[in-house]
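Here are my notes for a first look at this model. Please keep the structure open while you read them.

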Amino acid sequence: MGSTAPSCDAYLFFHGETLLPNGLRAFLCTAALAYCFIGLSAITARFFKSMESITNHSREIVTVDPQTNTPIVKQEKVWNYTIADIALLAFGTSFPQISLATIDAIRNLGQLTAGGLGPGTLVGSAAFDLFPIHAVCVIMPRGGSMKKISDLGVWLVELFWSFWAYVWLYIILEVWTPNVITLWEALITVLQYGLLLVHAYAQDKRWPYVSIPLVRGERPEDWVPAEGASVDYDKNCDETSDILPSQNNDIADIFSIHSYNDAGYHHVPEKDIEESSKRELVAKNTHDDTCWLSIWRQQFLEAVILESPEQRKINSVCLRFIIICWTSIIAPWKILFAFVPPYQIAHGWIAFIFSLIFISGIAYGVTKITDQISCVTGVNPYVIAFTALAAGTSWPDLVASKIAAERQVTADSAIANITCSNSVNIYVGIGFPWLIDTLYNYFVYREPLYIDNAAGLSFSLLVFFATSFGCIVVLVLRRILIGAELGGPRLWAWVTSSYFMVLWVVFVVLSSLKVSGVI
């Protein structure tokens, strides 16, 4: 650690920090790291709302009934179910790790050796996704209900690419060009993410010759069903404006001129379609600005309120005090994230992009704090990456899978997020940062990218293979014996959850001991 000791002379929080004992500095850095993870948790809620808005967006298709010769208006989802899981859910929830790895790669430009935080965090995140998140999801269905994967074909494709990602990583680290990453290896790694998307879509559409001939079960029309009957957007708009009358069971989108009911389609005379569209367009042009501005204003009001009317009704003074203290602690994050535009704008895309920007900012802070923790404690950066960073940056994965396991009628999205996130971690999270470094080294030095402690990283991959095999076997056995991957009898659900947590502990302990030189 002699090479990193000089960086401890630089302060991170305040000028007099370097005069403090290393133990106190480590405590301050750990507290700051935990606070960053709290912020990551706070932005995840807005991120997930924007993602739901994107996937729930529909377009209006007008066809003619051949028997009655009348127009039929039908709503069709813009996003394919499977592609939404991979391109939005998995990619978005893995963005903290991707940001951290990319920032680590940019900081190492000009060096022939790759940084250690990125790969370590992403491999550790893969283990966190596979074990603790499965452990949480398996106990989420309530009342002993069972949720199973409806499209086994798509899941098998996603599982194949997930495992192949780590096989590929081991090949380029230990077999093909040991301890070295070339430009072509990095480029091929990134391109495989595109192959995953194409193969999964082909399986979803059951293309001949490239898909597994398995029958797909029933799955919900909505990517994640809404929680409860009320919609905050509609409520806020109704409270702040009476320009448009509310319509029962209607879904309105402020950037769309269409309004449709829950049935999904209905017969409308052709003349009525044209006149209705014109009326709605005029009304919305005068209503949109007032509506979303009022929602945005409400975000700031909620951010600065320390106690809601419901919480004031709590009889316990002690509990109310704890709630106020906690709300005060997270208030800076809530105020900052209130600047994220409402997810009702542009079908959620603006909120989605803003959320990713904030996540990147938090990831940058995490890298600086982690460097300082490693310096003042002497702990190997890989150990911190496998444990604290992997768990903290995987929080969006945990939240997304938990919500999907609770609210979807099947287990598809909850489990797909886990398997696809692991693929994204390698193909994009490791591949893209390595592509940046290898491009720079190739054109500046005519040299490849060298990997420090490649043996430790390869050992972690082998441990991951062994433990993940044990995880998948249990999921298959649950499908055969109980009939579902998630839920079921509470006793067996908790036993399965505990087993997954033990696998995670085994991975973390063995990997940490290896990179620390103990074994």
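1. Start with helix α1 (residues 22-55) and helix α10 (residues 317-337). In this predicted model, the two pack at an angle of about 55°, and their axes lie 10 Å apart. That angle is why α1 counts as oblique to α10. The crossing of α1 past α10 is right-handed.

2. Next, look at who meets whom. From α1 come Tyr35, Cys36, Ile38, Gly39, Ala42, Ile43 and Arg46. They meet Trp326, Ile329, Ile330, Pro332, Trp333 and Phe337 of α10.

3. Move on to helix α11, which covers residues 349-377. It has 29 residues. From first C-alpha to last, α11 reaches 42 Å, close to the 42 Å expected at 1.5 Å a residue. What follows just after α11? Glycine 378 does, with a positive phi of about 80°.

4. Now the charged pairs. Side chains of opposite charge can pair when their charged atoms come close. With a cut-off of 4 Å between side-chain nitrogen and carboxyl oxygen, the count comes to four salt bridges. One of the salt bridges joins aspartate 104 to arginine 107. Their closest N and O atoms are 3.1 Å apart.

5. Where do aspartate 104 and arginine 107 sit? Both are in helix α3 (residues 95-107), three residues apart, or about one turn of the helix. An α-helix has 3.6 residues a turn, so residues three or four places apart point the same way.

Notes: Residues numbered from 1 in each chain as written. Predicted model: local features only at pLDDT ≥ 70, side-chain atom pairs only at ≥ 80, totals over all residues. Heavy atoms only, no water. Axes fitted to C-alpha atoms, helices over the stretch in contact; angles between N-to-C directions. Helix = DSSP H or I, 4+ residues; strand = E, 2+ residues; numbered from the N terminus. Parallel < 35°, antiparallel > 145°, perpendicular 65-115°, else oblique. Left-handed = near helix turned anticlockwise from the far one by under 90°. Contact = heavy atoms within 4.5 Å. Expected span 1.5 Å × (residues − 1).
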